[in-house]
Amino acid sequence: MLTGFPNYPGGSLYPGYRIRPHQTEELGGIRIHRVALYPSHDSSRVGRVANYGSFALSAATIGAAVVRSADVAYVYHPPATIGLPALAIRALRRIPFVYDIQDLWPDTLAATGMISNKAVLKAVGRWCRLVYRFAAKIVVLSPGFKQALLARGVPAEKLEVVYNWCDEEGIRAEPADPERARALGMFGRFNIVFAGTMGRAQGLDTVLSAAQILENEVPHAQFVMIGGGIEVERLQTMTRQLNLKNVIFLPRVPMSEIGSVLSLSDALLVHLRDDPLYAITIPSKTQAYLAAGRPILMGVRGNAADIVREANAGVCFPPDDPAALAEAVRSLVNATADEREQQGRNGREFYRNRLCMEVGIQRFEQLFTEAALGRSTS
């Protein structure tokens, strides 16, 4: 494995590490090469660019020099700068690579507001097309991503849709623990849980506006916001200013404990801003929520909503629409417990049959084999 020094999600180095040009270690029998990077993961554009660029340069130089021969490389995107070491290692070591696209660049840069300069976005687009050209296989997380890349001239034979799976050990369904619910402020309430990153892309002002609508009408319903991100402090301030009593914030929960927290929920919320890009993406929490076996409130258009509808696993509503979210909450509150339980079971079954790790690994094994066998002609 070729990677950087651990600093995600807070942008600070993990205890026991310090930046150096190159460090090797072994975890679980896997040899890991770590190369230098600038640790950063905040709202600073300069810091983020420095983080992406420093790792790309280190991995393309030091990394390309230290890695051993391999049949195939798995390359995880974002950021698009990861294409630089992928191309360098392909050229130096003759290792074909499978390129796993989890964010569509430059679209994501524009949608999140990280970059607005059209010339820069155009240059990023050209760079991405260069990387696509030399990839042996390209994996995308949704049918919408596949259609977008086909429209950009990527050959159909290179493209495969492999849905993400979740941490199935951490999301294992557990009985609700009343004592844990009391400790977290969730006992005796109808809990709508949002668990994950709270950034600009999530558009969570909509949640607070929906909470305003519901506060007096459905007083026992509350939104439980779990996690970190650059928007947390602003959202907390807004909640205090609006004097909302039906919104609580909880710190990020370790993956080993998240299942016990999700088990306390009555519904699980997914929301992204109403942007064309998000209609062709599938937020990673979608799979985790399906596996958790709770009804889903899906505030994302397109592919993600299609999954929830096909699975009959919850209620979909248009994003950036507080009134629509409030109505979706009402519909679940007014449903019977049996109806909500059935939606949860539907989601869990859909996940097991279509999205689970076993299914995904089988697809990746096939793609790695095809990429390796095609090495001589790549």
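The model is predicted: local features need pLDDT of at least 70, side-chain atom pairs count only at pLDDT 80 or more, and totals for chains, interfaces and linings use all residues. Residues are numbered from 1 along each chain as its sequence is written, and side-chain values use heavy atoms, with hydrogens and water left out.

**Nonpolar cores**

Let's begin inside. A nonpolar core is a set of buried Ala, Val, Leu, Ile, Met, Phe, Trp, Tyr and Cys residues joined through side-chain atoms within 4.5 Å; buried means under 20% relative accessible area, with a 1.4 Å probe and protein chains only. The largest core has 74 residues, and Tyr99, Ile101, Tyr132, Ile138 and Leu149 touch the most other members. Setting aside neighbours within four places in sequence, Tyr132 is in contact (heavy atoms within 4.5 Å) with partners including Trp105, Val154 and Lys158. A second, separate core holds 31 residues, among them Leu214 and Met225.

**A buried strand**

Strands are DSSP runs (E, at least two residues), and helices are runs of H or I with at least four residues, both numbered from the N terminus. Strand β11 (residues 267-271) is largely enclosed by the rest of the structure, because five of its five residues are buried. Ala267, Leu269 and His271 point one way from β11, while Leu268 and Val270 point the other way.

| Pair | Sense | Bridges |
|---|---|---|
| β8 (residues 190-195) and β11 | parallel | two bridges |
| β11 and β12 (residues 296-299) | parallel | four bridges |
| β2 and β3 (residues 30-35) | antiparallel | six bridges |

Val193 stands opposite Leu268 in β11, and Leu269 has Leu297 in β12 as its bridge partner. As for β2 and β3, they belong to an open, mixed sheet of three strands in the order β1-β3-β2. Its edge strands, β1 (2-3) and β2 (22-27), each pair on one side only.

**The second largest pocket**

A pocket is an open set of points on a 1 Å grid over the protein atoms alone, with protein on both sides within 12 Å along at least five of seven lines; lining residues have an atom within 4 Å of a point. Of its 19 lining residues, Ser263, Leu264, Ser265, Asp266 and Arg294 are closest to the centre. Helix α13 gives the largest share of the lining, three residues.

Key. Buried < 20%, exposed > 50% of the residue type's maximum accessible area, 1.4 Å probe, protein only. 1 Å grid on protein atoms, 1.4 Å probe; cavity = no way out; pocket = protein on both sides within 12 Å on 5 of 7 lines; lining within 4 Å. Pairing = 2+ DSSP bridges.
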